[in-house]
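Please look through the sequence and the 3D structure shown here before reading the notes that come after them.

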Amino acid sequence: MQNVDAAHTRNFALIGHAGDGKTSLGEALLHSTGAVKELGSVDTGTSHLDSTPEEKERHHTLGAHVYGFDWNGLHLTLVDTPGDPNFQGDAQIALKALDGAILVVSAVGGAKVGTESMYAAALATGVPLLAFVSGIDRDRADFGAALESLRKLDANPIPLTLPFGAGPALRGVIDLLSMRATRDGRVGAIPVAMKAAANAARARLIEAVAESDDALTEKYLEHGGLSDIELEAGLVAATRAKKLLPVLCGSSTSELGLPALLWAATHLLPSAAERGAWHAARMDNSDALDALPSASAPFSAFVFKTVIDRYAGTLSVMRVVSGTLHHDETILNATRGAKERLGKLLLLHGAELVEVAEAGPGDVIAVARLKDVHTGNTLTAEKNGLHLPEIPIPQGVISYAVSAKSKADEDKLFLALARLVEEDPTLHVSRDASTGEFLLTGMGELHIRIAIQKLRRVYEVDVELHTPRVPYRETIKGRAENVEGKLKKQTGGKGMYGVAYLTVEPLPRGSGVRFSDEIVGGSIPRNLIPAVEKGVHEAAQRGPLAGFPVVDVIVRCIDGKFHAVDSNEMAFKLAGSYGLKAALELAQPTLLEPIMRVEVTAPAAQLGDIMGDIAHRRGRVQGTENGSHGLVVKAEVPMAEMLEYASALTSLTGGKGAFHMEFAHYDEVPAHQREKVIAEARARAAAKP
């Protein structure tokens with residue numbers, strides 16, 4: 001890096017729909033600026049950005065990739081982000097750390113689902129945006145249609161460049177600010193045939209910029225136009241205020257239109273200094289204050305990505321917000337309250353790492369082998385440290401049960417899963433206590449399968465995936481009174497004897513299992529009653545129908561018998577266990593299933609399909625309301641019907657839907673479904689060795 005001056009940094013992401021040319025544009029920008037010698041290609045596996053074997057195999061970006069380079073007196077950091085919804089969580093987190101973004105839109109097909117979702121994510125983050133219509137030299141390319149598709153996003157797109165010619169007949173690009181044309185690598189006058197269209201487009205640009213500011217509106221009305229200086233200044237202000245979406249066009253393969261895009265990225269998108277202060281708090285949370293983009297301010301940085309590198313180990317990728325960072329420095333993890341000793345500071349050139357001496361505001365660097373630093377953490381100075389706001393990590397929507405294929409892999413599996421989650425915080429590993437299964441939760445099926453592929457490649461662990469079992473419960477609907485639980489065993493010496501009489505009855509949902517000691521007259525000695533309770537709770541772990549845990553039952557111990565010599569704790573523990581099992585059989589046992597509270601967001605046009613599908617899944621719609629990205633359907637649906645809902649929703653909405661669910665309560669399983677669940681559980685138990 002040539003400086004730590006925040007005014008000389010530019011950090012921007014390439015965002016958009018999968019397959020619309022983000023990585024190809026990134027490769028073209030790197031090549032055209034001299035950052036790389038050879039133009040990389042996704043198709044041939046020579047990309048400098050898509051560096052993992054999984055990406056090279058699938059020809060798709062599966063995570064955010066960082067490339068820092070110097071150009072034209074500036075230090076630029078380009079972050080290529082995934083467009084597939086399975087991996088957009090990585091893109092959303094990266095946006096929090098950057099100062100701008102380029103929304104890449106295909107000239108063939110225009111804005112799509114991924115374009116819309118990442119445009120919304122950028123707006124929510126507050127970063128200024130440019131748009132680049134890529135592939136204008138492809139068959140069926142249509143710049144006008146792509147522009148119209150951006151208007152449907154409720155953006156306010158305004159072209160800064162125009163193509164002349166279309167598809168294979170493309171001849172060049174016109175810059176509406178300089179009113180010059182580029183063709184065959186040369187800049188010259190606008191072709192006569194395009195002058196009228198160029199003049200009309202420039203007039204619309206001037207009018208749009210004038211309308212974005214009251215003072216410019218007055219000048220426009222008074223003088224009938226704006227000067228070049230006023231136009232550029234107004235365009236900068238309107239872009240950063242998100243009042244206009246400047247749109248450029250070009251071709252990554254021929255590198256056409258890139259000079260204008262680079263000008264826009266370095267002039268219209270803000271530097272770290274122009275972005276200004278970040279909201280922060282003192283370490284004791286006593287005061288809110290600003291983290292200033294100054295090299296002399298207290299150091300603070302935001303970790304927005306974790307990379308597990310086979311050779312360098314764990315890399316923490318961070319955006320420096322304030323202050324100056326040097327290698328071999330001790331800093332504080334403000335999120336976890338732990339000190340960290342830094343090693344080398346590393347600049348990321350894709351998969352290549354280059355050591356640098358220091359980093360200042362706006363710089364994006366990586367540090368290896370920090371002990372307890374994770375994505376989303378704030379790093380800061382030991383003295384006068386700052387705590388930056390926490391960022392929400394997108395929550396997974398689909399879970400699979402995961403198990404090692406071999407006994408030898410079991411120990412390695414859980415360590416490897418922990419490392420995966422460390423690298424990708426949108427993955428989550430948990431254990432269902434009732435089923436004993438380890439669950440891997442992610443943003444979609446492809447997300448999970450890529451994680452498993454990485455487990456095999458990096459950690460050499462083979463695993464099996466299967467749909468997780470539903471944590472059913474058992475309870476009772478009736479009452480059983482004075483049921484005997486008895487253990488009588490005589491072996492010639494000291495025997496085992498204990499009798500407990502139990503009454504069971506149902507409790508409201510969510511009550512668990514309660515034990516009530518109602519012994520009077522000493523029919524069971526006081527010191528042996530806890531043994532009865534222990535036996536009851538142990539027996540409640542396996543219900544009489546299918547072996548699921550019993551809930552929402554009160555067990556009253558009302559009487560019993562004991563023997564002065566043969567009674568002991570074990571005898572009464574078994575008596576309590578036998579008594580509960582017998583009582584449950586007599587009290588109309590039934591099966592409960594978890595009901596999930598579900599919120600589905602989808603375009604209004606799909607409302608009927610969504611509600612019909614919920615009804616088909618035995619769900620009950622609670623209501624609908626308007627959301628920021630469509631209609632929100634609120635419903636309660638059995639968990640058993642939601643295990644593969646992510647794929648179904650994608651199919652129903654063409655990828656435009658999203659959902660969130662959380663546990664609501666348990667409810668009784670319908671009779672026809674109950675028999676099926678019981679049969680499957682008994683078959684599974686019989687199959688165990």
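Predicted model: local features only at pLDDT ≥ 70, side-chain atom pairs only at ≥ 80, totals over all residues.

**Helices α6 and α8**

- Helix α6, which covers residues 192-211, and helix α8, which covers residues 228-240, have axes that come within 9 Å and cross at roughly 60 degrees, and the two helices are therefore oblique to each other.
- The crossing of α6 and α8 is left-handed.
- On the α6 side the contact is made by Arg 202, Leu 205, Ile 206 and Val 209, which meet Asp 228, Leu 231, Gly 234 and Leu 235 of α8; sorted by class, this contact has five nonpolar, one polar and two charged residues.

**Helices α3 and α4**

- Helix α3 (residues 88-97) packs with helix α4 (residues 113-125) at an angle of about 30 degrees, and their axes lie 9 Å apart.
- Because angles under 35 degrees count as roughly parallel, α3 is described as roughly parallel to α4, and their crossing is right-handed.
- Gln 88, Ala 91, Gln 92, Leu 95 and Lys 96 in α3 meet Gly 114, Ser 117, Met 118, Ala 121, Ala 122 and Thr 125 in α4, and the residues of this contact divide into five nonpolar, five polar and one charged.

**Cysteines**

- When the whole structure is searched, zero disulfides are found.
- Cys 249 has 0% relative accessibility and so counts as buried, and Cys 557, at 0% relative accessibility, counts as buried too.

Key:
Residues numbered from 1 in each chain as written. Heavy atoms only, no water. Axes fitted to C-alpha atoms, helices over the stretch in contact; angles between N-to-C directions. Helix = DSSP H or I, 4+ residues; strand = E, 2+ residues; numbered from the N terminus. Parallel < 35°, antiparallel > 145°, perpendicular 65-115°, else oblique. Left-handed = near helix turned anticlockwise from the far one by under 90°. Contact = heavy atoms within 4.5 Å. Nonpolar A, V, L, I, M, F, W, Y, C, P; charged D, E, K, R; others polar. Disulfide = S-S within 2.5 Å. Buried < 20%, exposed > 50% of the residue type's maximum accessible area, 1.4 Å probe, protein only.
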